[in-house]
Structures are given as structure tokens and as C-alpha cells.
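This report describes selected side chains and a helix contact in one structure. Please keep the sequence and the model in view while reading.

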Amino acid sequence: MSPRSGGVVLVKARSAGAAAAAAVLLLSGCGGQDEVPTLTWYINPDDGGQEALAEKCTEEADGAYRIQTSLLPMDAPAQREQLARRLAAGDSSLDIMSIDPPFIPELATPGFLAPVPEDVAERTTEDTLEGALAGAMWGDELVTVPFWANTQLLWYRESVVEEAGLDMDEPVTWDEIMDVAAEQDKYLGVQGIRAESMTVWVNALVESQDESILVDPSASADELETNLDSEAGARAASIMSRIGQEGLGGPGVASMDENQSMLLFQRENGSFMVNWPFVWPATLGAADEGSIDADIPDDIGWTLYPRVDADTPTAPPLGGINLGVGAESEHPELAYEAIECIVTPENQAEYFVTNGNPPSSESAFDDPTVEEEFPMADVIRESLDMAAPRPQTPFYNEISESIQGRFTPLSGVDEDTTPARTDSYIMEVLRGERLL
């Protein structure tokens, strides 16, 4: 993501051994059916939801196929590396893959993904939210099937907002929340660590000014142009610089990831936080077990991601997971049949409630249990419709690592030099003049 970016999922990860055991159980449960094709689904760590869906869709297949899961590494870059290496080697076991949206162009460009059949594309995207759909495409073509989507909200402490006199029913800006935090001697929950979350933040600040980090994402490495050395890039850097130099992100902001910023927000000096929806069930759980004050959930509100400029609509971060089929899979038709089962609105709603990962399907939000468990579901749905993906390019990894290195630590970010330095660094890396 990495954060839930992208989606990196910050939930209790199942161990590789547990995943393997689950796979064995699925296989042994089909004893005497060796002729039934087995589909391997490479999953990102979650709270067991994908394993449960694999079992459910195996049962519903009624002998047409069975699904076993294989656990990918915890963080998104490591997931990308494993999938890319296996696909490049022609591994036929990659029947279904849970893929973080930013890495889709890199896997689609060399033909590593099996084409999505037109009828499958139509059925699985008929009610997909706009932001989630954008993250599943490459070159104006659907190359993966949206599964679950994710977005960041602006979370706030009701007591802080009341004292500041802010109307949270109206859009708020970064300047406003920084001013309130400074005036009340509070901290902002942001992710200042050198990780994928930094690229998520920079991209959202630029996109929220109706600009993009890349001029033409489909361009080759020799022709790719970045757009950070611009008014939008300077404005993004000025926001991050102020938070770093004034200490608004707290003394440990340089190592602050999504979990750490949540813990900061839950404390007495918390004020506002940009973060993924997982923070709600995590906060409720902490209150129930007594690790935080039981009254804190009642003091938490939520709204859309803050604007950069008051007159320009926000473009919140987009994360989540899409499902792709390996080009060398021996059972592509069955794999897409299984994917259709996995991504039904009913299954997406269940996955949201049990694992905290929002649906890409708009109708899934209408499930009554969704609103019961996530009272901010309508805001999440609205945010996903407005969300903007990170740069969609086969060279995303190089771009993201360059941004992470230049925009950290926050205290060293300079609006006059950091954007230009980052643009130059990216160009040198892409042209082979510098190593990451």
C-alpha cells in the first residue's frame, strides 16, 4: 500500500504453513477426484478471506475445478517480484493471481497475462466503481478483473474539530487540518516512512490538483516524461515539507507507516489522519480489549480525503487487488470461471465484512451487513468513485522507488528542489545512467 495500496493489506497475515495446510485440506476434501483440474490462486496475505472464497467457489464448481491457494510475501514489492519472475519463466501454475494495481502494466505489457474474455469482462465490471475500474486496465483495455478496492479517508477526532469550529460536512483542505493541528498542539497521522505509502501520498497530492506524475504513462523508457517539477509538484512538496519541518507528524514520523499513524491518532494528541478503512475495525477491537480508551471510537469521524486547493475536488489514493490469469496457465477458461465466482457482489460484501477490504462492486455496498459493520461505507464508496490510481506504467517500480528516496525524510523535503531532483533522478534511472 506497502500500504493497502495498494494495496497492501494491513491485517493479520496467515503463515505460509497455514496457507499450505488449507490447500491440503481443499485437496484432500476432494479425494477420489484426481481428474478434476486444480487451479492455483496466488494470494496476498489477508485474514483468511481468500482461502474461504477458494473453498466456497470449489464447492460451487461442483467438480468442474478445485482451487488451492499459494501465499505471496507480505509486502507488495516482494509480491510483484515473485509474480514477475514466475511469469517470465513461463510458470504454468499461475492460474489466478491477486495483483496490486500499480504492477499490472508491467505484467501486461510483455504478454504475461491471459486476455480477459469479452463476456467475462462485461459480467464482472457492470457495476464496478470508476476508480477501481481504472486500476484494472492498461492501454484502455481491461487486463485484470477488479476484486476488492481500497481508498484512504480523512479520519478526525470530533473533539478537535469541535474546538476548531470546522464544518466537516464541507470539503476541508490540507492547509486547514495543518493549521488546526498546529494551533491545538496535536499531531497529524500521515505515513512518512520510506515505503510505497510515500508514493501513494505524493501521487494523491498531485492528482488532487488535477495533474499527474507522468505526462504519458504509455511512453517507452526513452520517451517517458515526469511532471513533478511543476506547480503541482511544488505544492505537494510544500505540504509535506511543512508537516516535516514543523513536527506536525509527530517525533517518529520518519518511521511512521499505516499502523503506526493509526496508533498515533488513537492517542490523546491525535487530531486528523489519512488512512485506509482497516483502522475502524482495528480501533473497535483495541477499545474492546482495553488497549485504548473505550470512548475513543465515539470521538472518531470520517470524510473524504483532504483537498489541496479549496476549489479542486480531491483525488483520493486507490489501492486494492485485481485478479489476473497467467498466460501460460493450462486452464485459462476455468480460471476465469472461478474468478467470476470469487468476485460476485455477494462475495465482495462478505469479504469486506470479514476482512475489512472494500468491494470494487457498487452494489456490494448495498448489503445491510456492510453498513452495519462499516458506518462510513457510503463515504468509502464515494471515495472509490473519485480515487485516482498511481502512475500506470511498466516502469512503476523505478518511479516509485525514486519518489520514496527523494521525498524522505519529510524534514528534508524542499518545494524548490525536491520535485526537480526527483524528476532528474527518475530520468537517469530509466535511461540507464543511474542505478536505484
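Tryptophan 148 is buried, with a relative accessible area of 2%; buried means under 20% relative accessible area, exposed over 50% and partly exposed in between, for a 1.4 Å probe and protein chains only. The model is predicted: local features need pLDDT of at least 70, side-chain atom pairs count only at pLDDT 80 or more, and totals for chains, interfaces and linings use all residues. Residues are numbered from 1 along each chain as its sequence is written, and side-chain values use heavy atoms, with hydrogens and water left out.

The structure holds 10 aromatic pairs. Rings of Phe, Tyr and Trp (its six-membered ring) pair if their centres lie within 6.5 Å; planes under 30 degrees apart count as stacked, over 60 as edge-to-face and the rest as tilted. The rings of tryptophan 148 and tyrosine 351 have centres 6.5 Å apart and planes at 50°, so this pair is tilted. It links distant parts of the chain, since tryptophan 148 lies in strand β6 (residues 145–151) and tyrosine 351 in helix α14, 203 residues apart. Helices (H or I, at least four residues) and strands (E, at least two) are DSSP runs, numbered from the N terminus. Tyrosine 351 is also buried, with a relative accessible area of 2%. Trp41, Phe147, Trp148 and Tyr351 form one aromatic cluster.

## A second pair involving α14

The rings of phenylalanine 352 and phenylalanine 365 have centres 6.1 Å apart and planes at 65°, so they form an edge-to-face pair. Phenylalanine 352 lies in helix α14 and phenylalanine 365 in the loop between α14 and α15 (368–373), so the pair ties together parts 13 residues apart in sequence. Both phenylalanine 352 and phenylalanine 365 are buried.

## Helix α14 against helix α2

How do the axes of α2 and α14 cross, and at roughly what angle? The axes of helix α2 (residues 49–61) and helix α14 (residues 345–355) come within 10 Å and cross at roughly 145°. Axes are lines fitted to C-alpha atoms, for helices over the stretch in contact, and angles run from 0 to 180 degrees between N-to-C directions.

The contact (heavy atoms within 4.5 Å) is made by Gly49, Gln50, Leu53, Lys56 and Cys57 of α2 and by Asn347, Glu350, Tyr351 and Asn355 of α14.

## Asparagine 275

Asparagine 275 lies in strand β9 (residues 270–275) and is buried, with a relative accessible area of 0%. Leaving aside neighbours within four places in sequence, asparagine 275 is in contact with residues including Thr151, Trp155, Gln191 and Glu258.
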